[in-house]
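Here are my notes on this model. Please read them with the structure open.

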Amino acid sequence: YEPPTVRPLPPCLAWIRKRIFKIFLVTVFGGAITFLIIMYFGLNDHDTKLLFLPCNYRWKDLFKYVTIPLVSTIFTWWHVWLGIQMCFYPVQFVGCCEPYLGWQGIVPRRAHIMATRSCDIMIGTLITVEEIIERINEEDFFSSLEHPLTETSAAVIDNLARRHCPDLWARLPEVVKAELRTKVMEQSRVMFGPVIEDLKTNINRIIDIKQMAIDILVENKPLLVKMFLQIGQREFVFIQHVSAVMGFFLGALQMTFWIILNHGEEGHCQGAAGHSFRCWGGFVILPVSGLIIGYFTNWLGITMIFRPVEPKIVCGGYVNLQGVFLKRQQQVSAELAKMICTHLVRAGKMLEYVVKKDDVLNKVMTIYEGHIKEAVDKSLPGSFKVLAPRIYGDGTIDKFKKDIIDETLAELPKHSTEIENYMDRAFALQETLAYRLSRLHPARFEGMLHPVFQEDEWMVLLLGGVLGVLVGALQAFALGS
């Protein structure tokens, strides 16, 4: 998939687009406040009060009408922000009688489903463990890790010699010791090919990288929340801003209804006059319109993240009508790949996973021990294999092999940082994942996330509607007073 090309806006329009929401807020709230101040001093006959402020009766009505769209703007902005927060927080269930009376963020509650769906595409399809291990090249391996491998082999030889023949080792010239170390490195090169081939053949039995990533995300739900909040931060802010603007225009519609409702009517709503629609209609219109605004703006916010799926270039190529998350697929892919390779699929996590899982560690050790023993058998002359048991006792060669394995395993962790850095560079997972994610068709890219939210979207929509009714009822009481 190749994303469509969108033409850059002219500099003046780009400047406005970047600041358009701030311009909107200053215009709406600044304009409303300025208008009310001018009208306050223009209507000098202060024949009533608004709370503790002496004012004109007509100005008081103006104040009530003007605040309707302003309250709608603030309320819509707030409840869409709240809906987004409810997708992610709280990380742990809060309430009683779990999962019925209380709430847990949609993402952490469905951590396993979300992690599985995302990892299925990113690790199971876009890149495989066989491809990863295939990237280890013999020449690159030994040239990159020459220093730690040389130090490890030297330390192993030194420790074995001091343990088994200390006097002889002390008398050996340094030239001979250096030659021994060189021979060991040569033997390591000979052993490298079969070891890698064995790993390639058995890698799926040894380590399941996809399951490793899923386990990390499920066990560390705050990390899962952080990942999706971070990659979607711009989209969430954009949705809040668009919803606030929609709230203003819908609030202006509310204000129009309220003005029409009260137009041309005089007197108070007391006695028989209390049955007039003007007296009780506001307690229907504002809560009902609040329900519509709350539900609609939450629905609009969620929909704008993922719809439309396919890009639609309009306005001469300057505008792409596409879900705001999908529109940024290139940048999101780079951010997502970076987070995955920082927190999930990196050499350090793989090695940690191998060490923690006894069954996985045993499989690795079986392969490693088999090749070490084979290498030792090939290196020892036949006469030594015959004479060693008679001179040193049965089991000498097996003990020698075990000592080599133990010493090597004791030395390698000292160079873990260099080994991990080499593996991360050789695997090049971040670059590969970023490129392949960015080339996914938008429908598949959207399929990683949206289905997980869909099951619980109704709760967020219901919240918006309920809050809209409550705020509308409070407005009706305030305006009616």
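1. Contact range. Take the contacts in the chain between residues at least 6 apart in sequence: 74% of them join residues at least 24 apart. Keep in mind that this is a predicted model.

2. Make-up and burial. The chain holds 25 helices and 6 strands. It has 481 residues, and 41% of them count as buried.

3. A nonpolar patch. Leu13, Trp15, Ile16, Ile20 and Ile23 make a nonpolar surface patch of about 460 Å². One of these residues, Trp15, sits in helix α1, which covers residues 11–42. Is Trp15 buried, exposed or partly exposed? Its relative accessibility is 47%, so Trp15 counts as partly exposed. The reasoning rests on the cut-offs: buried means under 20%, exposed means over 50%, and partly exposed lies in between.

4. Gln322, location and burial. Gln322 belongs to the loop between β6 (319–321) and α15 (324–327). Gln322 has a relative accessible area of 7%, so this residue is buried.

5. Gln322, polar partners. Which side chain joins that of Gln322 in a polar contact of 3.0 Å? That of Asn320. A polar atom of the Gln322 side chain also lies 2.9 Å from the backbone oxygen of Val309.

6. Leave out residues up to four places away in sequence. Gln322 then touches Tyr1, Arg307, Pro308, Val309, Glu310, Pro311, Lys327 and Pro442.

Terms used:
Residues are numbered from 1 along each chain as its sequence is written. This is a predicted model: local features need pLDDT of at least 70, side-chain atom pairs count only at pLDDT 80 or more; totals for chains, interfaces and linings use all residues. Side-chain values use heavy atoms; hydrogens and water are left out. Patches are made of residues with over 30% relative accessible area and no salt bridge: like charges are joined within 9 Å, nonpolar side chains (Val, Leu, Ile, Met, Phe, Trp, Tyr) within 5 Å. Accessible areas come from the Shrake-Rupley method with a 1.4 Å probe; for residues, only the protein chains shown count as cover. A salt bridge is a side-chain nitrogen of Lys or Arg within 4 Å of a carboxyl oxygen of Asp or Glu. Helices (H or I, at least four residues) and strands (E, at least two) are DSSP runs, numbered from the N terminus. Buried means under 20% relative accessible area, exposed over 50%, partly exposed in between (1.4 Å probe, protein chains only). A polar contact is a pair of N or O atoms within 3.5 Å; within protein, one must be able to donate a hydrogen and the other to accept it, and residues adjacent in sequence count only if both atoms are side-chain atoms. Contact means heavy atoms within 4.5 Å.
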